[in-house]
Amino acid sequence: MRAILPKLTLAAALWLLVLANGCGPIRATSATSGAKDHLFKAELAGADKLTQGEKYITPAQYEYQLAMLYIEKSKELQGFAKYDAAFFYSTEAADLGKKAVEHKSEEERRKIRRQQIRAGKVFKQ
C-alpha cells in the first residue's frame, strides 16, 4: 500500500498540471503578463515617446499604442470570463510590442543615416 501512494500522488499532480495548462484564466493572465513585459521593453526602447515637431506617428509608436489598447481589451474580456478572446488579444499585444522594439531600432538607424547625409559624410546615390 505504501508503494502505491507515491504513484497516486504523482499521477494526481500530473493530472492537475494537465488541467491547469488548459485553464482559460491561467492562460489569459500569463499571456497578459507576457505582453506587459514586451511593452515594458518597448518603453525602454522609447517607442512610447511622441517626437516633438513630427508630422506623423511612427510605426513603433503606432504599434505601441495598439498593443496598449489590446492589453486593455484583454483585461476587459477577462472580466467577462471570455478567456480565449483575452488570450488572443494578449498574444497580439505581445507581438506588437516586439515589432515596436524592432521598428524603433530601425528608426534610430535611419535617423543617424539622414543626419550623416545632411552633414555630407555619406555620398548620396
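Reader: Is Ala81 buried, partly exposed or exposed in this model?
Author: In this predicted model, Ala81 is placed in the loop between H3 and H4. Its phi is near 60°, a positive value in a residue other than glycine. Buried means under 20% relative accessible area and exposed means over 50%. Because the relative accessible area of Ala81 is 49%, the class that applies is partly exposed.

Reader: Where is Ile57 found, and which residues make a nonpolar surface patch with Ile57?
Author: Ile57 is found in the loop between helix H2 (24-45) and helix H3 (59-79). Ile57 has a relative accessible area of 47% and is therefore partly exposed, whereas patches take residues with over 30%.

Reader: Which element supplies the largest share of the lining of the largest pocket?
Author: The largest pocket has a volume of about 450 Å³. Its lining consists of 17 residues, and those nearest the centre are Glu54, Thr58, Glu107, Lys111 and Arg114. H3 and helix H4 (83-119) each contribute at least two lining residues. The largest share, 10 residues, is supplied by H4.

Reader: Which element of the protein has the highest mean pLDDT?
Author: For the protein, the mean pLDDT is 84, and 82% of the residues reach 70 or more. Among the elements, the lowest mean, 64, belongs to helix H1 (residues 4-21). The highest mean, 94, belongs to H3.

How values were computed: Residues are numbered from 1 along each chain as its sequence is written. This is a predicted model: local features need pLDDT of at least 70, side-chain atom pairs count only at pLDDT 80 or more; totals for chains, interfaces and linings use all residues. Side-chain values use heavy atoms; hydrogens and water are left out. Helices (H or I, at least four residues) and strands (E, at least two) are DSSP runs, numbered from the N terminus. Buried means under 20% relative accessible area, exposed over 50%, partly exposed in between (1.4 Å probe, protein chains only). pLDDT is the predictor's confidence in each residue, from 0 to 100. On a 1 Å grid over the protein atoms alone, a cavity is a set of points where a 1.4 Å probe fits but cannot get out, and a pocket is an open set with protein on both sides within 12 Å along at least five of seven lines; lining residues have an atom within 4 Å of a point. Grid points are joined across faces, edges and corners, and a volume is the space filled by probe spheres set on the points.
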